[in-house]
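Hi there,

Here is the structure I promised to pass on to you. Have a look through it first, and then read my notes.

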Amino acid sequence: MLLYNTLLGKKEEFLPLREDHVRLYVCGITAYDYCHIGHARSAVVFDVLVRYLRFRGWKVTFVRNFTDIDDKIIKRAAAEGLSAAEVAEKYIAAFYEDMDALGILRADQEPRATDHIPGMIRLTEKLIEKGYAYATPRGDVYFRVRAFAEYGRLSGRNIEELRSGARVEPGEHKEDPLDFALWKAAKPNEPFWPSPWGSGRPGWHLECSVMSEDLLGLPLDIHGGGQDLAFPHHENEMAQSMAATDGEFARFWVHNGFVQVNAEKMSKSLGNFVTIRDILANFLPEVLRFFLLTKHYRSPLDFSFDSMEEAEKALQRIYQTTALLREHGARTKWSDAVLLHELEAELKDLERDWTKAMEDDLNTAGALGHVFSMVRLANRMLEDKGWRKSVASKTLGVKILENLQCWGQALGLFLDDPQAWLTKLKDIRIRRRGLDKGQVEGLLAAREDARRVKDFQRADTLRQVLTDMGVEVRDTPAGQVWDVA
Ligand SMILES: [Zn+2]
């Protein structure tokens, strides 16, 4: 499998260091607010990576941390009148709600920074001993960036340029403006832990170096996170760990791209800040997951509610086809099954292409394209009356359903019961349009009654009322079917 390695700036064949066992670390959230669309993208990308690595037969140990002590958490605690620990608890619980909805598998280990303070103190001591760090009179400890020759390698930064843009804040006692905090002396009314340098708390970058080494051992096979973390967070993690161990930190660095909202950078000041909750109020979680996978994970992704509606229609087509295939399978009788060569060959090509896309740096966009080709093939078969009745088409249908299940496991998609999913979709569309479900159902029932007594004029009037509301009704031999636009 090929994976793009930020460290080398190119795709490389990925193989785990230890046979068949992939050790993966991904930076988790700082728990001080609800997760936004950027968090959703990173979570979905690495969830698919884990699922796919397992799908291909490797054992994966996946560690994703929670930063539960940080300046932002302390600030939020003051604003909400809670303790820092209560803030972290609240937003970790919210994280699980959002991520469970999106079908994100739990990591094998989900350490919290505050459970690893002794290890962080030990690593800091080691860096001081080796001349890579120094304590200041105030009780802060800084990493000495100029002592680490490879600084800037991961993010491709020029150290002199960085230095010219950096400032030392008053009272910091840094030797060099680029030096970063390993340990921060406690300010009044802040949570603190005792240390050889006085009461304080760990710096953010230090946490990941310690937790990843403690739980997975170095070097990691893959270290992942959003592109925004590459500098300074990952650069600093790498500097700390390599300086302390004189060895490699992570063999592959995998970064997912940015998310924009309506073609602008997302920010609270622009008023285009979108949380996962905002989206799930109006869309099924799987639609968001699907939307996020329609772009290659390294490409920038532009979020808009319009593109979510497009994604919703696309996913609906897949579930509609799945529902038809299941129904078709139930109706046709079994006998000696022979696939027609032509369609069988087409399907074989699609299976090969799907794998090829996933093996090429986890190209989910390409893989989803092949899913749609397969869905089109299914519909070609279902729309042809001669075919629909044949045993061969049933066998082909079963094979397509199996592929959707199998690929769906790797992508975390298409796993719902199709009828149940389509019903949920109608419900959420009714809600999004601000319609009253009871009223819609009442009108539909009244129209069915009118048709039963052959009052077609009334049936047409009721259809028009429904159409004006955005509810489309079609009459089929099996009765009326409806959908919300
Ligand atoms: Zn990290």
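This is a predicted model: local features need pLDDT of at least 70, side-chain atom pairs count only at pLDDT 80 or more; totals for chains, interfaces and linings use all residues.

Residues are numbered from 1 along each chain as its sequence is written.

The largest nonpolar core has 118 residues. Such a core is a set of buried Ala, Val, Leu, Ile, Met, Phe, Trp, Tyr and Cys residues joined through C-beta atoms within 7 Å. Buried means that 20 or more other C-beta atoms lie within 10 Å of a residue's own, exposed means 12 or fewer, and partly exposed is in between, with C-beta atoms placed from the backbone. Ala40, Val44, Phe143 and Leu182 have the most contacts inside this core. Helix H1 (residues 37–55) gives the most to it, with 11 residues; helices (H or I, at least four residues) are DSSP runs, numbered from the N terminus.

Now try helix H4 (residues 117–129). At 1.5 Å a residue, its 13 residues should span 18 Å, and the end C-alpha atoms are 18 Å apart, which agrees. The expected span is 1.5 Å times one less than the number of residues. Which residues of H4 are buried? They are Met120, Ile121, Leu123, Thr124 and Leu127. These cover an arc of only 165° around the axis, so they sit on the same side of H4; the arc is that of the directions from the helix axis to the C-beta atoms. On the other side, Pro118, Arg122 and Glu129 are exposed. Just after H4, Gly131 takes a positive phi of about 85°.

Best wishes

How values were computed: Helices (H or I, at least four residues) and strands (E, at least two) are DSSP runs, numbered from the N terminus.
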